[in-house]
Amino acid sequence: MFFTCEKNILQEAINIVQKATSSKTTYPILEGILIRAVDNKVYLTATDLDIGIETFIDANVIRTGSIVLNSKLFGEFIRMLPNDTVSIELLENNFVKITCQKSEFTILGNNPDEFPKLPAINENSLYEIPQDILRLMIKQTIFAIAQDETRPILTGVLFEVKDNMLSFVALDGYRLSLKRIEIENSNNISAVIPGKTLNEISKIIEPSEEKVKITFTPNHILFNLGNTKVISRLLDGEFVNYRQIIPQEHKLKVKANKELLLDSIERASLLAREGKTNLIKFNIGDNRIVITSDSQYGKVQEEVPVELEGNNLKIAFNSKYFLDVLRIIDSEEIYLEFTTNISPCVIKKVDSDDYIYLVLPVRLIEN
């Protein structure tokens, strides 16, 4: 194997595939990047057996071949090289020589035959989503996945296509986040994608209208981004029937300015965090929400003007769950829908029904 390419292009490719390398493994080959030079292209592949990423760059391939190099060492050395042409040559006994201007680095590689093969996926059944839309769908749901492994299915996001509507759904037992868009595909599907996979995808995709091609098998999902492919296992099990959780009726509807509410809750949450509970209280009535919080350090009170339809209400929440959604919802004005002080609050955009967020209140002793 012997090829030359531009340092910046190689470094960008390394940064992409490194997202799938495993740092905590008893299988050292998974700490490496498989490099294959063929047909004036260099393919880089990494996997931790749950997620695999492959990308390719154009290069001047003088001699074809392949090798596995330690991801951390290889990546760090390429990053520190000057911005110029890099030459990479496979020597005897799996040693690789990397040169750029006056720099030369020799590193011992591993046998490429020992590197695990990524699952072969036939890309004949495709869902196509613009990259910027997919990025937004991930951003508006991923924060609501479960962080502990007691119910592994909840550490992922439901990918559901039904009646030409694509829905992303995440929930952790305290809140639910649902983002949906219309899609030109009548093939219904329901699969749960690991949160880690979507986190890495969101770092790779560009804020552009270029399409991502998505293919499913019974056990895996493939994201095709053109030069880069990401393959991930799907989570096993049945996802929660989220439609049964979302209230269809309400007794109180509040229309609020998102930024005013966000700023007020952020200030109130300063004390709530000190109190170790993140507890904030809403007193809703007279076309306003009075937000209060207290701890051993003091008390805070905020007042937000709103439009009300329905009965007055006193209710309490974990401030973090409110702040998470207010920071990502893309609407100047929002609706808050309440039923009782122990029922979920539903948050929606005023100008669209493409996003729904549900959060459970904190039951107060005085209730």
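Predicted model: local features only at pLDDT ≥ 70, side-chain atom pairs only at ≥ 80, totals over all residues.
Which residue forms a salt bridge with D48, and how far apart are the closest N and O atoms?

1. Residues are numbered from 1 along each chain as its sequence is written, and side-chain values use heavy atoms, with hydrogens and water left out.

2. Look at the overall layout. The chain is assigned domain 1 (2–114), domain 2 (127–242) and domain 3 (252–362), with bounds that come from an automatic or database domain assignment. Taken over C-alpha atoms, the centres of domain 1 and domain 2 are 29 Å apart.

3. Now see where these two domains meet. Domain 1 brings 10 residues to the contact and domain 2 brings 13, contact meaning heavy atoms within 4.5 Å. About 1,000 Å² is buried between domain 1 and domain 2, and carbon and sulfur atoms give 50% of that area. Buried area is the accessible area (1.4 Å probe) that two parts lose on being put together, summed over both. Of the area that domain 1 buries against domain 2, K19, D50 and I51 supply 47%, more than any other three residues.

4. The partner of D48 is K196, and their closest N and O atoms are 2.4 Å apart. A salt bridge here is a side-chain nitrogen of Lys or Arg within 4 Å of a carboxyl oxygen of Asp or Glu. Side chains of opposite charge can pair when their charged atoms come close. Between domain 1 and domain 2 the count is 2 salt bridges.

5. Which strand gives the largest share of the side of domain 1 that touches domain 2? Strand β4 (residues 51–58) does, with 6 residues; strands (E, at least two residues) are DSSP runs, as are helices (H or I, at least four), numbered from the N terminus.

6. The structure holds 21 salt bridges. One of them joins K41 and D58, with the closest N and O atoms 3.4 Å apart. K41 lies in strand β3 (residues 41–47) and D58 in strand β4, so this pair links distant parts of the chain, 17 residues apart.
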